[in-house]
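Look at the structure below before reading the points.

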Amino acid sequence: MSDWIAIAKLNEIPPMGARKLLTETLEIALFRTGNDEVFALRDRCPHRGGPLSQGIVHSNAVSCPLHNWKIDLQSGEVQGPDDGCVNTYAVKVDEGVVYLNLALAESAA
Amino acid sequence: MSKQKLILIGNGMAGVRTVEELLKLEPEMYEITIFGAEPHPNYNRIMLSPVLAGEKTIDDIVLNNREWYADNGITLHTGDPVVAIDRISRQVKTASGNTLSYDRLLLATGSNPFIIPVPGHELPGVVGFRDIRDVEMMLESARQYQKAVVIGGGLLGLEAANGLMKNGMDVTVVHLMDILMERQLDKPAAELLKASLAESGMNFLMQAETAEILGDDRVRGVRFKDGSEIEADLVVMAVGIRANTELAQQAGLHCERGVVVNDTLQTFDPRIYAVGECVQHRDSCYGLVAPLFEQAKVCANHLAMLGYGRYEGSVTSTKLKVTGIDLFSAGEFNEEEGDETLVLQDPAQGIYKKLVIWDNRIKGAVMYGDTMDGTWYFQLLREETDISCFRNTILFGQHDLGDAGHGDETRVAMLSDDAEICGCNGVCKGDIVNAISSKGLFTLDEVRAHTKASASCGSCTGLVESLLASTMGEGYAATPSEKAVCACTEHSHDEVIQAIRTAPLKSMRDLFDYLNWKAPDGCSACRPALNYYLLANWPGEYQDDAQSRFINERAHGNIQKDGTYSVVPRMFGGLCTANDLRTIADVADKFEVPEIKVTGGQRIDLFGVKKEQLPAMWKDLTAAGFVSGHAYGKAMRTVKTCAGKTWCRFGTQNSTGLGVQLEELTWGSWMPHKFKLAVSGCPRNCAEATIKDFGVVCVDSGYELHIGGNGGIKVRVTDLLCKVETEAEVLEYCGAFTQLYREEAHYLERTAPWVERVSLSYVKQRILEDEVGRKALFERFQYGQQFAQIDPWRVRAEGAEAHEFKPLHINQMRAVS
């Protein structure tokens with residue numbers, strides 16, 4: 001479908017790491033887990049706005065670099081006793097290329 | 001595969017806690033059924049005293065409501081107790097005649113109050129103090145009658161007496177011994193307690209032995225051995241508890257004073273485990289909650305078939321839950337021959353503190369009137385900390401050591417509810433106390449998770465622990481001294497370090513596999529620690545894992561709250577030239593640096609740099625000869641120096657030159673935490689060397705070496721390690737000390753708490769007394785430095801790790817693909 005935009009090769013994102021992705025209006029954090037799953041979330045922690053793309057990725061979660069809030073990459077929900085939610089975006093990996101679909105908003109904060 | 005069946009007999013704190021721990025480890029392994037004799041879900045038994053005193057309601061003390069059982073798929077039977085265990089067919093039988101089979105059985109039948117079998121002990125109006133029914137019965141009596149006698153002047157007896165008095169009864173405590181709470185208090189403390197209780201209206205009959213309970217259809221009095229009598233409408237027997245072993249004995253399990261278990265909480269039948277007050281472990285039975293929780297954790301581990309974790313017994317501490325009375329005791333508080341005692345006594349203020357010391361370690365503590373530091377003393381006791389360096393002030397408390405900079409006025413018990421405890425996260429005392437009681441929090445970690453108190457800088461940890469202790473009373477399970485690295489493992493830092501060395505483990509994956517890490521790739525707490533340990537132990541072999549480093553160490557700059565970075569170029573010994581300053585000024589102009597500041601470590605900090613700009617900025621800086629200042633890392637930071645002998649009329653040695661040499665030796669090395677040095681040219685100590693991790697104070701005859709100091713949250717002045725005569729020795733001792741710290745401290749432990757933990761005498765033994773060992777440490781340090789002194793800025797300016805600094809752009813890629 002035309003709404004899927006190729007944005008990067010999978011190997012441009014380090015395993016258990018992240019890249020920041022800039023669009024004209026958005027800052028998106030692109031995560032790659034240890035199992036090579038890829039997730040896209042708004043690059044802004046619901047707590048104090050920390051850049052999630054700079055956090056440590058572990059299992060399917062990222063820890064915000066500012067105050068260590070843990071965010072589930074799948075749902076965008078904040079884990080544990082803290083509350084909050086981050087926008088997630090649809091991504092898929094096909095033959096080593098990562099595609100993003102901004103038309104399909106998976107959840108709203 | 002069908003699930004195995006686990007039956008828990010006893011719906012109390014120890015049993016249910018074990019189930020909770022088990023669910024954390026293996027939520028799906030068992031189909032769980034719980035039998036409780038009482039008609040209530042699990043409640044906090046240690047809070048019965050405040051319920052009796054009218055300070056809490058029954059609802060307040062419920063720990064697991066019925067929804068909790070349903071949500072976790074647990075079948076709960078209340079009011080239909082198990083009456084028999086058939087071990088051969090592995091079935092239990094209940095009072096109503098039901099039978100149910102098990103694969104594993106957990107006994108947590110608790111204990112019964114001991115009722116002295118004197119004539120009349122079965123009369124109506126004679127009660128123990130054990131469960132909600134007893135409390136309801138006492139409250140009922142208080143409404144109808146006036147005179148109460150409590151037999152037993154121990155912890156439970158005094159709490160019962162206090163509660164009855166609060167309900168308007170006229171209470172007399174009868175005690176066999178001449179001092180109250182003799183198992184917890186020495187004579188002076190017991191006298192203070194008695195005086196204070198007497199003042200509030202409690203009556204005492206000491207050294208009185210009960211002979212008979214008088215009455216016909218209800219109790220009306222008590223007669224003693226000496227023939228004297230006292231009137232009573234209610235008699236509470238609180239002379240002790242006996243482990244409830246009835247079921248176990250019937251089933252033929254080996255019992256002595258309790259059901260005998262081994263270090264895995266297994267009974268003599270391998271399918272049957274037991275925890276809590278019904279248990280006898282290594283000849284001890286416990287009636288306090290902290291040991292029960294330790295047992296629960298170990299038992300759950302074995303029920304989950306993980307097979308490690310041993311319970312090796314507990315040291316216990318006691319607090320009395322009587323409002324307005326502060327009392328604490330732990331360990332062996334009655335001195336024996338060869339022990340020393342430290343005593344602080346202030347009768348006017350009603351304060352008494354005694355520590356029993358042997359070989360500079362605390363054996364026992366009794367405190368009355370001011371128990372703020374009970375938790376601290378208890379920790380020193382359990383960890384067998386050498387107290388010689390603060391022995392002369394220990395009785396004045398931890399705050400006297402400079403804890404947190406919170407002054408004397410913030411005595412936690414006296415604080416109002418809106419007093420701020422955690423300055424980082426703005427958490428008040430009221431928030432913490434509410435969270436503890438409403439959410440049923442037991443440990444420091446839980447309070448951190450729910451309130452954020454002490455979760456940032458940690459300086460208020462002591463205060464939060466005190467709040468936990470004062471809110472929970474004896475229920476407070478102090479943080480274990482051998483803490484697991486994080487929730488991903490049961491292993492402590494020391495165990496991990498040991499495994500890395502002896503297994504040996506040289507990659508993160510090997511480590512996760514070898515130590516059965518629970519999360520497949522760890523978490524943000526353990527990965528940086530493990531990365532450090534691997535790097536420190538296998539320099540040159542271990543491949544540093546960028547994704548296991550905090551962003552500051554990955555980006556080689558300090559992330560600021562707006563997501564920009566700060567850049568601090570290294571200036572060896574704080575020296576610089578006009579050209580250096582020009583380079584920095586040019587860089588600041590070129591990259592439009594919004595703010596420049598001089599740091600506390602004599603460096604220049606450029607703030608507000610965008611991450612994308614970092615490599616280009618580093619290119620200009622490294623071209624001019626700068627290297628990274630590592631101001632962002634758990635690493636060697638700076639060597640601070642004073643004016644020095646070249647200019648200063650008081651200077652003794654070439655202190656500035658020595659500072660430069662020390663920085664050349666140590667820059668680039670990764671550490672468990674940040675690490676700072678300083679060299680002062682004379683004892684005026686303008687470089688503040690005595691609050692550094694390693695400080696040198698030059699004197700006319702040589703160099704004094706100081707270790708283990710820091711400014712910051714908890715200021716600590718260094719300890720003097722030794723005096724040496726040459727610069728070469730300074731370098732060698734510095735390298736050896738640094739390496740010892742790098743090899744043995746826990747990740748995120750600065751030298752100050754590390755030196756306190758392992759003791760100064762240990763460091764002296766390794767660095768001063770063992771010359772061969774010192775030289776070997778120094779050699780290992782130098783070996784590691786070969787790999788560490790590769791400037792991270794230069795390699796990144798030349799293109800390494802480019803992806804870290806370049807964002808992806810959506811439009812660009814669309815054009816490419």
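The points below describe the cavities, starting with an overview.

The model is predicted. Rolling a probe the size of a water molecule over the atoms shows where empty space is left. A search of the whole structure finds three cavities of 30 Å³ or more.

**The largest cavity**

- The volume of the largest cavity is about 150 Å³.
- Its lining is made up of 16 residues, and those closest to its centre are Lys20(A), Gln54(A), Lys611(B), His803(B) and Glu804(B).
- Two elements each give two or more residues to this lining: strand E2 (17–22) of chain A and helix H25 (802–805) of chain B.
- E2(A) supplies four residues, the largest share of the lining.
- By class, the lining of the largest cavity has seven charged, five polar and four nonpolar residues.

**The second largest cavity**

- The second largest cavity has a volume of about 120 Å³.
- It is lined by 14 residues, of which Asn44(B), Met47(B), Asp60(B), Ile436(B) and Ser437(B) are the closest to its centre.
- The elements that contribute two or more residues to this lining are helix H10 (429–439) and helix H12 (461–472), both of chain B.
- The lining of the second largest cavity divides into eight nonpolar, four polar and two charged residues.

Note on methods
Residues numbered from 1 in each chain as written. Chains lettered and ligands numbered in written order. Predicted model: local features only at pLDDT ≥ 70, side-chain atom pairs only at ≥ 80, totals over all residues. Heavy atoms only, no water. 1 Å grid on protein atoms, 1.4 Å probe; cavity = no way out; pocket = protein on both sides within 12 Å on 5 of 7 lines; lining within 4 Å. Points joined across faces, edges and corners; volume = space filled by probe spheres on them. Nonpolar A, V, L, I, M, F, W, Y, C, P; charged D, E, K, R; others polar.
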